[in-house]
Amino acid sequence: MYSKTVMDHFMNPRNVGEIENPDGVGEVGNPVCGDIMKIFLTIDDNRITDAKFKTFGCGAAIASSSMATELIKGKSLEEAWEVTNKAVAEALEGLPPIKMHCSVLAEEGIHKAINDYRIRHNLPPWEEKAHAHHDEKEDCGCTTCNTG
Amino acid sequence: MEDRQLVYMDHAATTAVDPEIVQAMVPYLHNHFGNPSSIYSIAREAKEAVDSARVKVAAALGAKPDEIFFTSGGTESDNWAIKGVAYANRKRGDHIITSKIEHHAVLHTCQYLEKQGFRVTYLPVDQYGLVDPGELERSITDTTTLVSVMYANNEIGTIEPVKELVSITHEHGAYFHTDAVQAVGHIPVSVDSTGVDLLSLSGHKFNGPKGTGALYIRKGIRIDTILHGGGQERNRRAGTENLAGIVGTGKAIELAMTGIEEKGARIRAMRDRLISGIQGSIPHTRLNGHPSLRLPGNLNISFDFIEGESMLLLLDSFGICASTGSACTSGSLEPSHVLLATGLPAETAHGSLRLTLDVENTDEEVDYVLLTLAKVVGRLREMSPLGKQAT
């Protein structure tokens with residue numbers, strides 16, 4: 001059911017772990033729903049120089065965390081903010097519809113971590129938009145969408 | 001992973017058809033292909049084969065052959081028993097009682113009947129998954145026509161106090177159906193000593209072919225027909241018989257019943273070694289289901305801080321086939337309704353693992369699973385943001 005890339009990032013996840021003294025941390029999800037994602041960032045001169053994650057969740061959640069942290073490493077905060085869940089899912093060569101919310105968690109985790117950094121530096125947080133988790137016609141069944 | 005072996009510990013999901021059973025079936029796909037309803041000689045052979053399988057199934061349950069009706073499996077048997085009794089006795093009452101931990105074949109059938117105007121009570125279970133006979137006593141009324149409680153649960157293996165539930169049911173003049181899909185062929189099940197009126201079984205749960213099953217209907221029970229058509233199964237279940245499948249089910253149940261206690265003891269010993277091995281080597285676990293009133297092959301354990309689907313994927317990469325109560329594998333939001341009914345918090349239910357053993361499993365496989373599971377759980381816990389990582 002998972003693409004080769006999803007399986008690769010699940011079996012050999014990149015960037016697992018915590019960063020000591022991170023510049024930004026974002027935790028999203030809920031254990032009741034079966035997934036929690038925690039993203040740690042090191043930020044130098046407005047650029048993400050390191051990203052790590054810890055995730056409780058299914059194969060897609062772990063693969064999405066791995067891919068998302070890969071995608072934002074080296075990017076400026078503005079560039080990283082624009083990494084959408086779709087970009088994460090596409091980089092993974094697709095996710096099953098019901099697992100699309102895992103890529104959304106990754107996007108939300110990055111946004112939370114960046115805003116955590118901004119708040120720590122007395123900068124106004126960027127607006128975390130409440131967005132669709134997927135194409136409207138798809139039904140992912142997750143609590144956030146609640147389309148099922 | 002070079003020396004990857006396949007360790008199948010998901011026998012509650014399905015089983016392989018034994019070569020001996022395949023051999024028994026093959027002639028009925030080819031040489032003896034006749035329609036049992038026809039009158040020429042190859043059809044008579046087919047008819048005799050069906051009758052002989054019926055005798056074997058009846059013998060396994062302590063029933064009479066004419067109380068056994070072949071179906072397409074557990075789901076059809078459950079549907080037939082519940083809808084058939086509900087509609088045939090509707091003038092007498094519109095109330096059905098079942099439990100919260102039934103298989104969806106029972107639960108969804110009951111929910112359908114609610115939409116048709118029937119009233120359904122879903123009995124709760126205790127932390128071990130046991131239905132309390134006292135709860136049944138309090139719920140049953142003069143309008144109750146059917147009580148349906150499973151013989152043993154498919155997820156946590158808990159064996160229900162069927163005999164007690166039956167006697168309460170009969171005191172109130174209702175019929176008792178049991179979904180015995182997980183029990184038949186694994187532990188001795190007797191329709192007489194328990195007194196059940198209807199019992200569902202499924203062939204592929206005891207090494208028979210998929211798409212086969214039977215419903216036991218005690219003589220004299222008022223039940224409607226659900227599949228209308230030809231006069232097969234003594235006018236109760238239409239449709240040309242699944243000849244080879246029925247032959248396979250007969251052979252499978254015969255083999256399953258041979259030495260059932262001894263096989264059960266061997267399976268139980270392996271299962272218990274798995275449980276104590278896991279509990280001894282992995283902290284933060286919880287055994288789901290009853291410590292002793294459970295199917296010999298069933299083990300269901302929750303691992304804190306990790307999620308079931310990722311556990312299954314990693315176990316699969318080591319060649320181990322298992323199952324979980326996590327939502328993430330079911331295509332739904334909620335984790336297992338069975339685990340939730342036992343009072344397990346959702347996050348713990350997400351981290352549950354079910355291993356179901358059969359006599360073909362070996363002590364070496366138990367060792368391999370113990371070793372691999374500790375690795376898999378350790379690896380996922382290292383990745384998890386939850387808990388203190390006491391792996």
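The radius of gyration used here is taken over C-alpha atoms, and the globule rule is 2.2 Å times the number of residues to the power 0.38. With 391 residues, a compact globule would have a radius of gyration near 21 Å, and chain B agrees at 22 Å.

Before you click on, some housekeeping. This is a predicted model, in which local features need pLDDT of at least 70 and side-chain atom pairs count only at pLDDT 80 or more, while totals for chains, interfaces and linings use all residues. Residues are numbered from 1 along each chain as its sequence is written, with chains lettered from A and ligands numbered from 1 in the order in which they are written.

**Stop 1: chain A, coloured by pLDDT**

pLDDT is the predictor's confidence in each residue, from 0 to 100. Chain A has a mean of 89, with 87% of its residues at 70 or more. Now select residues 132-148 of chain A: pLDDT stays under 50 there. Where pLDDT is low, the predicted coordinates should not be read in detail.

**Stop 2: where the chains meet**

Contact here means that the C-beta atoms of two residues, placed from the backbone, lie within 7 Å. Show the contact between the chains: 20 residues come from chain A and 21 residues from chain B. On the chain A side, α1 (4-11), β2 (35-44), β3 (47-56) and α2 (59-72) each supply at least two residues. These helices (H or I, at least four residues) and strands (E, at least two) are DSSP runs, numbered from the N terminus.

**Stop 3: chain B as a whole**

Zoom out to chain B, which has 14 helices and 12 strands. Its C-alpha atoms fill a box of roughly 70 × 55 × 35 Å along the principal axes. Colour domain 1 (19-257) and domain 2 (259-383) separately; such bounds come from an automatic or database domain assignment. The C-alpha centres of domain 1 and domain 2 of chain B lie 28 Å apart, and their contact takes 22 residues from domain 1 and 21 residues from domain 2.

**Stop 4: the cores**

A residue is buried if 20 or more other C-beta atoms lie within 10 Å of its own, exposed if 12 or fewer, and partly exposed in between, with C-beta atoms placed from the backbone. Of the 391 residues of chain B, 51% count as buried. A nonpolar core is a set of buried Ala, Val, Leu, Ile, Met, Phe, Trp, Tyr and Cys residues joined through C-beta atoms within 7 Å.

Select Tyr216(B) and Val247(B): of the 76 residues in the largest nonpolar core, they touch the most other members. Both domains of chain B give residues to this core, so it lies between them. A second, separate core of 66 residues includes Ile43(A), Leu77(A), Leu274(B) and Met383(B). Back at Tyr216(B), the residues it touches include Leu61(B), Ile68(B) and Val191(B).

**Stop 5: a loop residue**

Next, pick Leu227(B), in the loop between β8 (213-217) and α8 (232-235) of chain B. Leu227(B) is partly exposed, with 16 other C-beta atoms within 10 Å. Among the residues it touches is Gly239(B); the two C-alpha atoms are separated by 7.8 Å, though the residues are 12 apart along the chain.

**Stop 6: a covered helix**

Finish on helix α11 (residues 308-317) of chain B, where eight of the 10 residues are buried. Among those buried are Glu309(B) and Met311(B). What covers them includes α1 and α2 of chain A, along with α14 (363-383) of chain B. After α11(B) comes Gly319(B), with a positive phi near 85°.

Terms used: Lists of a residue's contacts leave out its neighbours within four places in sequence.
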